[in-house]
Each structure stands twice: as structure tokens, then as C-alpha cells.
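Here's a quick briefing to read with the model open beside you.

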Amino acid sequence: MSNTENKTPLKPDTQLAHTGRDSRGFHGFVNPPVVHASTVLYPDVKTLVTGGQTYSYARRGNPTTDSLEGALKELEGAAGVKLANSGLNAVALAILSCVKSGDHILIADTSYQPTRHFADTVLPNFGVKVEYYDPKLAANIKTLFRPETTAVFVEAPGSLTFEMQDVPAIAAVAHEIDATVLMDNTWASPLYCRPLSLGVDLSIQAGTKYIVGHSDAMLGTIAASEKAWDNLHAVCGAMGSHVAPDDIYLGLRGLRTLSVRLERHQRNTFEVLNWLKDQPQIGALRYPALETDPGYKIWKRDFSGSSGLCGFDFRQGTTKEQSFAFLDALELFGLGFSWGGFESLAIPVKLKGSRSVTPVDEDRHMVRLHIGLEDPEDLIRDMDRALKKVFG
Ligand SMILES: *Cc1c(COP(=O)(O)O)cnc(C)c1O
């Protein structure tokens, strides 16, 4: 149960084990039931016409929704949490809750490409002006503010290229003009970064990744500050947003082991990168938790851990064919989108079309890796074999 009577706040690991469940409320069973529902029956007309009971209709929530939303509310330190049917849906709902016709939104150039696609194809239809900004701007982002700027979207580290952003500095200047600050915090999960404590108003997770954690369901979550909550709640309700109970349950189950999984993802990633850095075919590594990374200082200040998603550049002169051949030669790394499951994955990085204000070097070949829960020695052996096969 939550720690309402307990004055000392619980540590995150303890929260993960206890939050969002009420065993005594469900006959003592450890886990909450999965409520499959649409209609909710009322005892009499008076209760129905006055809305005099907790649940009215399953689209608006049920005990299963409440369990996961309640758990995340506690973890994120939020005024309220809404679930969405995918990470991208969470991004879209969060943005729609804080912009209107005539407004201007600033979005980090290094944001997840489908976020850009939503902003470029949907927002202009409703008269919202979209502008991308260099993620390195920090407080200087204020030079881009206009009288109609109402939202600033950050993502740290950046998609595919892993640049860190100075979120507290951006949030401070954004709040001076009363703009809403949104953050896609999928990389760190709410366990290793708590965006609301950095000044963010809407903290977004692709729950598909580490919260579900097993590559078997899609989920999005949005945690709101006091200021952002009413609008978020209203927009999610008006849009008819609803997540299937079995998927919510998988998210809730994933949360229980989030800490042990992330710790291992982190450790394995360090081992793999530590080996990769000495390979002659490899150029820069991309992972803000490395002391050599340009984003290390900010990561160290704002995050309490790092996850399994990282990247590397092949050394100068590597051809696209060689980089593709390397990926094809991997046996333990799956080739596929998404990440956050127990398994290791690799994809070639294509930046063309997904950056507008930061330079893209098309001759540089990059790989994004998700380091899973396998034994890192096996992962290293697999990469070593693939490198030797391609580069001799
Ligand atoms: C995967 C991802 C999303 C989208 O999540 P889906 O559940 O796949 O829609 C959003 N942001 C980031 C950073 C992601 O990695």
C-alpha cells in the first residue's frame, strides 16, 4: 500500500514493490484483478443521474487503470497520471493538452522522429506553429520565445544521437513566460530521472519500453504537475483515450522488476561499451553515462542511473555496406525497432529527415544498440565475431 501514514518517504525500490496495489481491498490477493469492462451498473436512478459512484463507464477508468496510474503518480511525484495506448499516443495527448490555435511550440531537434511527424503533420492543421531548436541551447532557448510560445518539448538524451539537455535551465526560462514544459523521459524511466523534480510539467514515458519491459505490449504514460493536470485530464477524457486492461496489467507487472532489470541493463551496457571503445573499427560511443561523453555532467547532475540504450559511430571511412554487413552478421542481437525488453537489439541509424537545425553527417555510419539482460561476455563475443567477419 502507499505510504500515506508513513512520514518517511519510501525509497524507490520499496515503492516499486508496494505501490498501486491494495491486497486487503481484493480479498488479500497480492496483485489487483484485471477488470475487463465497459458498462458499470448503478444501484438506482438517483445514483446514476447524480454520478454518485466512483466509476461511471470503463472508458473513464476502472480499478485496473487506477492501480497503474496510482503507482506512477507516486513514482513520478505527480498531481495525476494518464495512460495512453502507446508512447507516441502519450506524446500526442500531452502536446494537445497544452497548445491551441495560434500558439507556438518549441521541440528539441533531437526528439523521437514520430514525435516530429505528429508535430509536422497534425499540429499545423489546427493552427499551431512548430519550431525545432538545438538541444544544446539550455537557458538561451529564450531567444526563440515569441509572445505566443506556450509549450517547450524536451527529450534527454536525444533520440539516436544521445545529446543531453539542460532541462532545469530550460524549464526555468519557460516558466517565466508561463509555458508548459514537456519531457520524453523514456530512456531513463521514472526510476532514473524524475522530470517533475527538474521543473517539467508533463513527464512522458513510452511504457512500451522499460515499464512493460518484455516486448509484449504497447503503453504510454503521462505524469502531470499540478498546473498541467486539469488540462491533461480533460483532453484525455475528451479524446476517448483508453488502454486495454491486460496491457495495463503487463505494465504494472513490469514495474515490480524495473529496478533489478535497469540495474542489469546498465551494468551490461558499461561492459559492452568498455570493450567497444578499444575496437579499431569503432569511433565515438554515444552514452551520456560515460565520463568521456559531452552530456556526462548533466547526466550526473540530473539522473540517478543509465539504461541499456546506447550507440556508436563506425570509424571514419567505414562504408554503409560494411556497417550493414556488421548488423547482418550479429546473431544474438535482434534487428528491430523499439527497445526496453530483456533482449539485445541493433539498428542502423538514419538521421536524414529527422533533424532540421542540427547538422547531419551522412558519411558517418552509426548503430543504435539496446543491451539486454544476456551475459555481456556472449554479447561481446557476438560483436567481436561480426566485426572480424566484416573488417577482417
Ligand atoms: C519508442 C519511443 C516512443 C514511442 O513509444 P511507442 O510505444 O512505440 O509508441 C516515444 N519516445 C521515445 C523516446 C521512444 O523511444
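Is A138 buried or exposed? A138 is buried, at 18% relative accessible area, where buried means under 20%, exposed over 50% and partly exposed in between (1.4 Å probe, protein chains only). Bear in mind that this is a predicted model, where local features need pLDDT of at least 70, side-chain atom pairs count only at pLDDT 80 or more, and totals for chains, interfaces and linings use all residues. Residues are numbered from 1 along each chain as its sequence is written, and side-chain values use heavy atoms, with hydrogens and water left out.

**Domains and cores**

- The protein is assigned domain 1 (12-256) and domain 2 (258-391), with bounds that come from an automatic or database domain assignment.
- The C-alpha centres of these two domains are 27 Å apart, and their contact takes 41 residues from domain 1 and 43 residues from domain 2. Contact here means heavy atoms within 4.5 Å.
- The largest nonpolar core has 79 residues, and L276 and L369 touch the most other members. A nonpolar core is a set of buried Ala, Val, Leu, Ile, Met, Phe, Trp, Tyr and Cys residues joined through side-chain atoms within 4.5 Å.
- Setting aside neighbours within four places in sequence, L276 is in contact with I282, L285, F312, L369 and M383.
- There's also a second, separate core of 29 residues, and A90, A119, L123 and V128 are among them.

**Salt bridges**

- The structure has 16 salt bridges, each one a side-chain nitrogen of Lys or Arg within 4 Å of a carboxyl oxygen of Asp or Glu.
- E131 pairs with R146, with the closest N and O atoms 3.0 Å apart. E131 sits in strand 3 (residues 129-133) and R146 in the loop between strand 3 and strand 4 (149-155), so the pair ties together parts 15 residues apart in sequence. Helices (H or I, at least four residues) and strands (E, at least two) are DSSP runs, numbered from the N terminus.
- R301 and D166 meet in a salt bridge too, at 2.7 Å from N to O. Since R301 is in helix 11 (residues 296-302) and D166 is in the loop between strand 4 and helix 6 (167-176), the pair ties together parts that are 135 residues apart in sequence.
- R301 is partly exposed at 47% relative accessible area, whereas D166 counts as buried at 18%.
- K227 bridges to D178, and their closest N and O atoms are 3.8 Å apart. That links helix 8 (residues 226-238) with the loop between helix 6 and strand 5 (180-184), 49 residues apart.
- Shared partners join D166, R301 and D302 into one salt-bridge network.

- Most residues other than glycine have a negative phi, and most peptide bonds are trans.
- A cis peptide bond joins A156 and P157, with omega about -10 degrees; P157 is in the loop between strand 4 and helix 6.
- A138 has a positive phi, near 50 degrees, and is found in the loop between strand 3 and strand 4.
- H27 also has a positive phi, near 60 degrees. H27 sits in the loop between helix 1 (12-18) and helix 2 and is exposed, at 74% relative accessible area.
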